[in-house]
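This report goes through selected features of one chain and its contact with a partner chain. The structure is shown first, and the notes follow.

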Amino acid sequence: MLDEEGEISASNPAFCRLLGLVESSTLELNFRDLLPMGGRLFYEAQFIPTLLLRGSLSEIAFDLKHADGSHIPVLINARVDHTGPAHHQILLAVFAVEQRRLYEKELLRARKEFEQIAEVVRRSSDAILRLTAGGVIQSWNAGAQQIFGMSPEAAIGKPLSSLLLTAHTESLSSAMEKLKEGQETFIEAKGRSALGNPIDISVSMTPHMEAPGVLVAFSAIIRDVTTRKQTERALLQNEKLASVGRLASSIAHEINNPLEAVTNLLYLLQLRVADEETNSLVTKAQRELDRVAHIAAHTLRFHKQSSNRTQVDLHSVAGSVLALYQVRFENSSIKVINDSVNASPFVCFEGELRQILFNLVSNAFDSMRAGGRLVLRCRDVALYPGRRGMRITVADTGSGMDRDTLRQVFEPFFSTKGIGGTGLGMWITKDLVQKNEGTIRIRSCDRPGRSGTIVTMLFPNQPQKGQPT
Amino acid sequence: MDALRRNNVKVVGSGEQLIMFAHGYGCDQNMWRPVLPSFTDKYTAILFDYVGSGLSDSSAFDQTRYSTLRGYAWDVLEILAALKVERPINFVGHSVSSMIGALASIKEPGKFETLTMIGPSPHYINQGDYFGGFERSDIDSLLDSLESNHVAWSAAMAPVIMGNSDRPELAQELEASFCRMDPFLAHHFARVTFLSDNRDDLSRVDTRTLILQCQSDAIAGLRVGHYVHKLLKNSELVIMDAKGHCPHMSEPAAVVREMRRFLQ
């Protein structure tokens with residue numbers, strides 16, 4: 001029994017035994033002194049005000065301090081008694097509940113663990129579903145919502161097959177047969193995304209058996225593998241291109257020897273020619289042969305990967321990249337200006353710079369099927385006081401890009417060229433620019449009459465190996 | 001979000017002056033029952049429940065907003081805005097609400113005529129020279145206590161039947177719902193309450209303040225009361241001969257007397 005201030009005014013022997021106290025000594029105690037600090041906070045802030053308002057409380061858990069310093073878990077039933085002469089009294093019935101508290105602790109721990117696991121499932125970016133033995137969706141997590149764009153309300157109760165395109169119904173039903181035999185199964189199929197686009201998904205299903213042969217439910221983990229599939233396709237394409245490149249370079253290499261022989265033979269032939277007309281034919285043949293030699297040499301250089309930065313002459317690099325397109329430029333009546341004769345020697349990974357320029361020139365060409373003007377300009381600039389650099393600009397008067405295209409232009413797999421493009425050109429270009437510590441910026445306009453694209457890249461000057469910085 | 005519904009705002013009394021009662025951690029607006037009738041003749045009283053307490057709308061809970069006492073203080077200001085009060089109010093806050101009132105008065109001093117703080121503490125944890133009364137581990141053990149008592153407080157979360165004077169048996173059911181709290185949000189509110197540190201805010205309060213400090217209060221001790229008084233430039237400290245943390249419930253007459261004197 002406590003008075004209105006919480007002082008213990010009476011207690012029975014059992015209470016004293018519980019706490020290991022001498023009976024008379026409890027009379028000098030305030031109940032809150034029996035509580036450890038945390039319990040005291042709870043007692044003052046929540047227990048007492050609530051008790052005073054409600055009049056009674058039952059089964060409230062506390063720990064009481066035993067005389068030997070240990071803590072005794074108890075449950076307390078409390079009632080406010082207004083019948084006495086004082087303001088009011090508080091009557092407490094205290095039960096020791098060691099075993100029960102241990103059990104509750106275990107339950108709480110298990111529940112917390114379960115909640116954590118449930119949270120993992122809820123937030124997973126993979127779709128994790130619970131399904132009945134018949135394949136009806138029972139739960140729908142955030143990942144599922146994201147992949148299929150359906151709310152839980154819309155999805156729960158639908159069959160799993162409704163997520164797949166009809167072409168896959170059969171492989172799904174054979175997978176479900178395997179589940180019934182207790183086997184985990186895995187299928188790859190196509191589904192529909194939130195936007196209605198077909199997406200590649202992998203579905204792995206796990207049966208939950210109750211007894212041998214009794215399937216009670218199963219779970220499915222569905223992953224959107226569209227990007228992975230795209231990557232696989234692009235890698236394949238890239239590998240094809242790379243082997244074509246290797247082939248071209250080995251052909252160029254093999255051609256070099258006979259080419260040299262023919263060059264020498266033509267030279268000898270010219271010495272023996274007397275009449276003007278034949279001589280001019282030989283000269284023409286020599287000029288064309290020079291072009292073949294030039295192309296062969298550049299094909300070789302293109303493929304050669306340099307692992308060190310070297311000093312390059314931008315004018316000649318730009319010239320050789322443009323040369324690869326020369327005939328096509330002429331056929332499409334595109335006027336080309338190589339304005340880089342004044343650029344200082346520039347230290348960079350030459351192969352990568354070639355690839356960057358080749359990608360940009362090739363895009364420019366593709367946008368000017370009806371003719372136009374292409375400018376490739378290299379200029380020394382000051383990036384900021386004390387740091388010199390190089391600005392390389394590729395500008396065309398082609399069809400230009402709209403805002404949406406421009407926004408996605410550096411994204412992998414984004415292509416406007418349909419089946420012919422991998423959607424990797426600009427992505428790789430940006431990567432190469434960044435690898436050379438440069439920046440790339442694109443301005444573009446698709447308004448008829450004023451359309452065109454300007455790509456500007458800025459590279460800081462690199463100290464050449466062996467030179468002081 | 002309608003602040004009046006979110007915070008279960010009740011307006012009682014018809015006086016010209018305004019008084020707002022803000023409950024502390026662990027209970028709801030019902031804790032003002034013992035003192036409320038003494039003010040409703042001269043004042044219009046505004047009562048409310050913090051989100052997660054009493055009959056507030058728990059769905060309005062937003063972890064980030066309420067991760068500091070400021071979120072709760074902005075709720076106080078939103079209630080005043082929703083009620084379109086035209087004159088400064090007298091704010092009465094118990095325990096953690098003292099600090100919530102202080103934060104609200106710093107943000108919009110023009111809305112506050114006076115603050116009354118019952119058992120305030122700007123920081124519960126001892127730190128260097130500062131004596132808050134508790135160690136960090138004590139707060140953790142409080143949170144454990146709350147967890148062990150989840151069930152007891154959830155049981156009271158059952159639907160509430162509002163009091164009806166024609167049917168007194170219903171009053172008892174109403175009584176059984178006093179101080180109900182959403183167990184999860186109670187845990188959150190306890191953490192924010194007992195881990196907050198608003199010591200630096202005290203000196204920014206300009207509003208005239210009454211500090212009611214009990215002689216013996218296990219939650220906010222005498223030293224804390226003196227500390228608050230020292231830092232609040234415009235404050236009066238009254239040490240009441242009472243024990244416990246809720247003098248407005250255990251000694252309502254004394255609290256009413258001091259408040260009337262201060263508010264005159």
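Which residues in α4(B) are buried? The list is B:D138, B:I139, B:S141, B:L142, B:S145, B:L146 and B:S148. The model in which they occur is predicted.

## Helix α4 of chain B

The cover over the buried residues of α4(B) comes from both chains. From chain A it includes α2 (37–54), β1 (56–65) and α3 (98–123), and from chain B it includes α7 (183–195).

The length of α4(B) can be checked against a simple expectation. The helix has 13 residues, and at 1.5 Å a residue these should span 18 Å. The span is counted over one less than the number of residues.

## Contact between the chains

Chain B puts 31 residues into the contact, and chain A puts in 26 residues. On the side of chain B that touches chain A, the elements giving two or more residues are α4 (136–148) and α10 (247–250). Of these, α4(B) gives the most, with nine residues. Sorted by class, this side of chain B holds 14 nonpolar, eleven polar and six charged residues.

## Overall make-up of chain B

Chain B contains eleven helices and seven strands. Of its 264 residues, 47% are buried. Among contacts in chain B with a separation of 6 or more, 74% are between residues 24 or more positions apart.

Strand β6 (residues 208–216) and strand β7 (residues 235–243) of chain B run parallel and are joined by seven bridges. One residue pair can be named: B:S216 has B:K243 in β7(B) as its bridge partner.

Together with helix α9 (residues 222–231), the strands β6(B) and β7(B) form a β-α-β unit, and this unit is right-handed.

## The loop residue B:E108

B:E108 lies in the loop that runs between α3 (96–107) and β5 (112–118) of chain B. Is B:E108 buried, partly exposed or exposed? It has 15 other C-beta atoms within 10 Å. A residue needs 20 or more to be buried and 12 or fewer to be exposed, so B:E108 is partly exposed.

B:E108 can also be placed relative to B:W74. The two are 34 residues apart in sequence, and their C-alpha atoms are 10.0 Å apart in space.

Notes: Residues numbered from 1 in each chain as written. Chains lettered and ligands numbered in written order. Predicted model: local features only at pLDDT ≥ 70, side-chain atom pairs only at ≥ 80, totals over all residues. Pairing = 2+ DSSP bridges. Helix = DSSP H or I, 4+ residues; strand = E, 2+ residues; numbered from the N terminus. Right-handed = clockwise from strand over helix to strand, strands pointing away. Contact = placed C-beta atoms within 7 Å. Nonpolar A, V, L, I, M, F, W, Y, C, P; charged D, E, K, R; others polar.
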